[in-house]
Amino acid sequence: TDEVYTQTQRFEKRIEDLETRLSELEGKAVQPSKIQSPDTLFDLGMQAFKANNYVEARETFRKLVIKYPGHGRADDAPDYRGESYFVQKDYKSAVQEYQAVFDKFKESPLADDALYRAGEAAEKLKLCTDARAYYGLLRQRYPKSSMVKKAKKRDASLKKNAKNRKFCQS
């Protein structure tokens, strides 16, 4: 009752203190526990992204998609997550994030770009079959996209080098 309530408050305070201390030890800024608006989350994610703090950017964009999946900027979040992985040369994770843009936001103006970037990331992994599939899907699904010409060029290059193990492992 009152004693249980008081004890629960003490436990919650202790957990909050431990989380604050952990954040300090990890060198991360302590975020306020209040719920942030989708626009605030997007702005924070962009600030972190522009500051090359990609881990924080990815986490902030992840929160945006989880808390506000229907928000107008929700499709931007996995795209920026993909870009952050691409910049850090984690191409496998980049492909997954770009694929998420296409899977979850097919009608987004970013979907064609995401497919192209997924193809580029797959190329970096020497997964030519996958890259060609992304480029082909881009051409098929978004024939009027400004990315189609570039995708055709990349696809032709991959087709030409398909047997060259220096460029293609699959």
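At 15% relative accessibility, Phe-49 counts as buried, because the cut-off for buried is under 20%. This is a predicted model. Tyr-80 has 22% relative accessibility, so it counts as partly exposed. Which residues do ring pairs link into a cluster? They are Phe-42, Phe-49, Tyr-54, Phe-61 and Tyr-80. The structure holds eight aromatic pairs.

One of them joins Phe-42 and Phe-61. This pair is tilted, with 5.8 Å centre to centre and 55° between the planes. Phe-42 lies in helix H2 (residues 38–50) and Phe-61 in helix H3 (residues 54–67), so the pair ties together parts 19 residues apart in sequence. Both Phe-42 and Phe-61 are buried. Phe-49 and Tyr-80 form another aromatic pair, and this one is edge-to-face. Its centres are 5.1 Å apart, and its planes make an angle of 70°. The pair links distant parts of the chain: Phe-49 belongs to helix H2 and Tyr-80 to helix H4, 31 residues apart.

## Charges over rings

Phe-42 also has a charged neighbour. The charged end of Arg-73 sits over the Phe-42 ring, 3.8 Å from its centre. Elsewhere, Lys-106 lies over the face of Phe-102. Here the distance to the ring centre is 4.5 Å.

## Helix H6

H6 has 14 residues. From first C-alpha to last it reaches 20 Å, close to the 20 Å expected at 1.5 Å a residue. Is H6 largely enclosed or largely open? Of its 14 residues, 11 are buried, so H6 is largely enclosed by the rest of the structure.

The buried set includes alanines such as Ala-111, Ala-114 and Ala-118. Buried residues of H6 pack against helix H4 (76–87), H5, H7 and H8. After H6 comes Lys-126, with a positive phi near 60°.

## Helix H7

H7 covers residues 128–141. At 1.5 Å a residue, its 14 residues should span 20 Å; the end C-alpha atoms are 20 Å apart, which agrees. Its buried residues are Cys-128, Ala-131, Tyr-134, Tyr-135 and Leu-138. Seen down the helix axis, these buried residues fall within an arc of 125°, so they line one face of H7. The general rule is that an α-helix has 3.6 residues a turn, so residues three or four places apart point the same way.

What does the buried side of H7 pack against? Its buried residues meet helix H5 (91–104), helix H6 (111–124) and helix H8 (148–160). The face turned away from the buried side carries Thr-129 and Gln-140, both exposed.

## The disulfide

How many disulfides does a search of the whole structure find? It finds one. The bond joins Cys-128 to Cys-168, with an S to S distance of 1.9 Å. Cys-128 lies in helix H7 and Cys-168 in the segment after H8, so the pair ties together parts that are 40 residues apart in sequence.

The link of Cys-128 and Cys-168 is left-handed, with -90° about the S-S bond. Cys-128 is buried, with a relative accessible area of 3%. Cys-168 counts as buried at 0% relative accessibility.

Notes. Residues numbered from 1 in each chain as written. Predicted model: local features only at pLDDT ≥ 70, side-chain atom pairs only at ≥ 80, totals over all residues. Heavy atoms only, no water. Helix = DSSP H or I, 4+ residues; strand = E, 2+ residues; numbered from the N terminus. Expected span 1.5 Å × (residues − 1). Buried < 20%, exposed > 50% of the residue type's maximum accessible area, 1.4 Å probe, protein only. Arc of directions from axis to C-beta. Contact = heavy atoms within 4.5 Å. Disulfide = S-S within 2.5 Å. Phe/Tyr/Trp six-rings, centres within 6.5 Å; stacked < 30°, edge-to-face > 60°. Lys NZ or Arg CZ within 6 Å of the ring centre and 35° of its normal.
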